[in-house]
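Welcome! Please take a moment to look over the sequence and the 3D view before reading on.

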Amino acid sequence: MSITVRQVLDSPAVQTGIPRLLTGADQLDRPVRWVHVFEGDDPAALLSGGELLLTTLVALPDDPARQREYIRGLATAGAAALVVELGRRFASVPQVMVDEASAAALPVVALHRTVKFVTITEAVHARIVDDQHELLTFTRQVHEVFTQVAVAGADAQEIIERTAQMAGTAVVLENLAHEVIAYTRADAQVLTDWSARSRLVDRVGGTHEVPEHGWLVTGVGGTQGDWGRLVLVGKPVVPPSAARMLVERAAQALAVARLMERDAASLRSRALQRFLAGFADTGARAPDEDVRAAAEAFGLVRAQRYLALCVARGRADDGGAGAGAGAAGAGVAGAGAASGRRDGADSPGADALSDRGADPLSDHRADPLAGPRSEQALAEAVSRAIAQAQLSALVSPLDEDLVGVLVALPARTSPEAALETFAAALGRTAVTPGGVRQGAVVGATPERHSISQAGADLTEAGYIARAAALIPAEHRKAYHRIADIGIRGLLMLLGGDERLTAFAERQLAPLLIHDDQHGTGLVTVLRRYLEAGGAIAPLARALHLSRQALYARLRRIERILGVDLADAETRTALHVALLAKEVGSAT
């Protein structure tokens, strides 16, 4: 870092001369660019700014006017300080010079013991050269880092994280509306009331310091103008010149990143996704005020209660309206039109036409949100529903089929009322860009007074939503709690257990093989029979079969599997095996 007047005076070479500071105590942090020894009466013409002058004043006349002029010349030339060795010309620095230097805020130091000026210049110049070498090394490091991130196609978050590492400060990227797009190392003190404080900082061109905030600010943009600002918050660990170079180089990298991202909204979306997904790692261990400040910087209103929920896509065989879910539930759980056989035929070929398209175990399931932007489409639908429900929430995809939502509950609104209103709105808005209505399933957790605890609940909300998405559409609710997902939730937790996979295969393998070889849909018939609790008449109507035809297929299933479907334990084992297969194919 740059050497200052204070550091020069504290050096052993200067301390040997027993220095005494006469003026400029508040100017000792001035940077010293060079040390110059001069014994003439007009040094100003030889200076270019930033020099510390060493002299005995041996050539200075006794005329007070000339002495004042000497000091004024140094101040005008931008000298960092004047160090006078006493004894050879003056027993003390003339008072007129001290007064003039005080008025000009120029540090003046008297040395009361003779020292070798060359010792001082050698020590200081060595330090200056070392600092210049460190600056060159840092500049090369910055160049290498940002070249690497450019080649790797790094996003805004990674760029500001690398910037924060090199600066040793918090870094915030904001848009022109003073909304936080991305940040790192920022705590509650940094982010609280960010937009309000940022609006007080004039938008000026180039890089500039904001001393009252402790900010170093530069614009981020391209030839068409700035679209944001990058802010270093706090005192960097590198010299001011290095900090300016770093923040400007980071701004260039961010401008390139935006060109790759295409729009600033995607940068903000990624930052918000990281924020919500980060709860899986930090959870309730994160300081609540830090989390609250960050959430408010992203636009969440301050509240006394918070609610975490997740929205998952429904499974491929979702029907139109959920019969048991009510109006809101039907909208949330509903998907495309049900695919069922309508001719009542009882043949293997007809089975294939009627059932295989609805089989959740099939490898050819329709995906209403197929495509690289399916998670964005669902997140946009959730955002529209949040707006229609007049709630304040942070919404972001957590992965390709799950959207996380952190809601700030209004003071007089119960969680149940907020969820019902949101679910109803989601049922009206959960539509893909192609116009296909998408089954969307809501998993919710209890309200929290701590926002960090609510954020930590996103993991549980996602688990609930995914498990509830496996429930047939007609049995879904407007939203689901942990108590609603039953054995599906347990199986989802055990989904990676090889013993569960082996159990399901042993139970169902003969029937799966038979369906593959003969093109029948007996697996689906078995699943629908077990979901119906063995009720033959309604199931026959739902499958558009006669009861005799349904009984015939059930007997065929019993022969293939070698079981008795009248046995309760057998039905339980088969249902668990089917659910395990279903969970395995969905995870």
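The report below starts with the model itself and ends with one residue.

## About the model

This is a predicted model, in which local features need pLDDT of at least 70 and side-chain atom pairs count only at pLDDT 80 or more, while totals for chains, interfaces and linings use all residues. Residues are numbered from 1 along each chain as its sequence is written, and side-chain values use heavy atoms, leaving out hydrogens and water.

## Confidence

The pLDDT (the predictor's confidence in each residue, from 0 to 100) averages 80 over the protein chain, and 82% of the residues score at least 70. Residues 316-372 have a pLDDT below 50, and beyond near neighbours in sequence this stretch makes 122 contacts in the model, a contact being heavy atoms within 4.5 Å. Residues 431-437 also have a pLDDT below 50, with 17 contacts in the model beyond near neighbours in sequence. Where pLDDT is low, the predicted coordinates should not be read in detail.

## The whole chain

You will find 24 helices and 14 strands in the protein chain. These are DSSP runs numbered from the N terminus: helices are H or I with at least four residues, and strands are E with at least two.

Of the 587 residues in the protein chain, 50% are buried, meaning under 20% relative accessible area with a 1.4 Å probe, counting protein chains only. Among contacts between residues at least 6 apart in sequence, 68% join residues at least 24 apart.

## A look at Thr169

Where does Thr169 lie? Thr169 is in the loop between helix H6 (156-167) and strand S6 (170-175). Thr169 counts as buried because its relative accessible area is 4%. Leaving aside neighbours within four places in sequence, Thr169 contacts Ala164, Arg185, Leu232, Val233, Gly234, Lys235 and Pro236.
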